Amino acid sequence: MALAQGGHGKTQFGVQAQYLIGRFPSATLLVCLGAAGSLDADLSVGDVVVGTETVEHDYRLLFATRPMPRFPGDAASLAVLRRAANHRLGFRIGFDIIASGDEDIVTSARAAQIRAQTGAVCVAWEGSGAARAAAFNGIGHLEIRGITDAADKEAPQNFARNLPIAMRNAFRLIEVLPTTES
């Protein structure tokens, strides 16, 4: 397993992911792990969401009508993490849709709009960049997000305060993913 900082935003993450995939051609899975704002009142700070699907919420076409790009999470990795979720890890793990877009969500109205458009339970920046790079290379992708805030007016302060909790829990979860040595 190789760990690398992916950068901020869909494009930056996609470019850096492509670079890493080129450096590690035997890679079969690209994981985008980070923080997210909740779009679901049932999610709390420190909960972890594993993306069954990543949807690009800020993809806009003005001359054609097409659905927002959606990328399914890697089925085998989802199965492994579902089994891990049955063990008590000290935080709640959900499996659902994650919205991705280059936009800080800092109002309840915008959060509700994204939830209604996508069906996602949380929102972050980089996931669709990872998903697109993985799809381009014919490998699996998985998005995992620790909840830091409620994607509302208090998000900037809550993000900074809760980031260590969210990331600790997200990293604890990926420890169960199998790795192979080349």
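**Charged side chains**

Author: Glu143 and Arg145 are both buried; buried means under 20% relative accessible area, exposed over 50%, and partly exposed in between, with a 1.4 Å probe and protein chains only. These two residues form a salt bridge, with 2.8 Å between the closest N and O atoms. The term salt bridge stands for a side-chain nitrogen of Lys or Arg within 4 Å of a carboxyl oxygen of Asp or Glu.

Since the model is predicted, local features need pLDDT of at least 70 and side-chain atom pairs count only at pLDDT 80 or more, while totals for chains, interfaces and linings use all residues. Residues are numbered from 1 along each chain as its sequence is written, and side-chain values use heavy atoms, leaving out hydrogens and water.

In total, the structure holds 9 salt bridges. One of them joins the side chains of Glu56 and Lys10, at 2.9 Å from N to O. Glu56 belongs to strand S2 (residues 48–56) and Lys10 to helix H1 (residues 10–23), so that distant parts of the chain, 46 residues apart, are linked by the pair; helices (H or I, at least four residues) and strands (E, at least two) are DSSP runs, numbered from the N terminus. Lys10 and Glu56 are both buried.

Glu56 also meets the side chain of Arg132 in a salt bridge, at 2.8 Å from N to O. Because Glu56 sits in strand S2 and Arg132 in helix H4 (residues 127–137), this pair ties together parts 76 residues apart in sequence. The relative accessible area of Glu56 is 6%, so this residue counts as buried. For Arg132 the value is 36%, which means partly exposed. Through shared partners, salt bridges join Lys10, Glu56, Asp58 and Arg132 into one network.

Glu56 is also among the residues touched by Met68; the others are Val55, His57, Arg60, Gln117 and Thr118, not counting residues up to four places away in sequence. Here contact means heavy atoms within 4.5 Å. Met68 itself is located in the loop between S2 and strand S3 (70–72). From Met68 to Glu53, 15 residues apart along the chain, the C-alpha separation is 12 Å.
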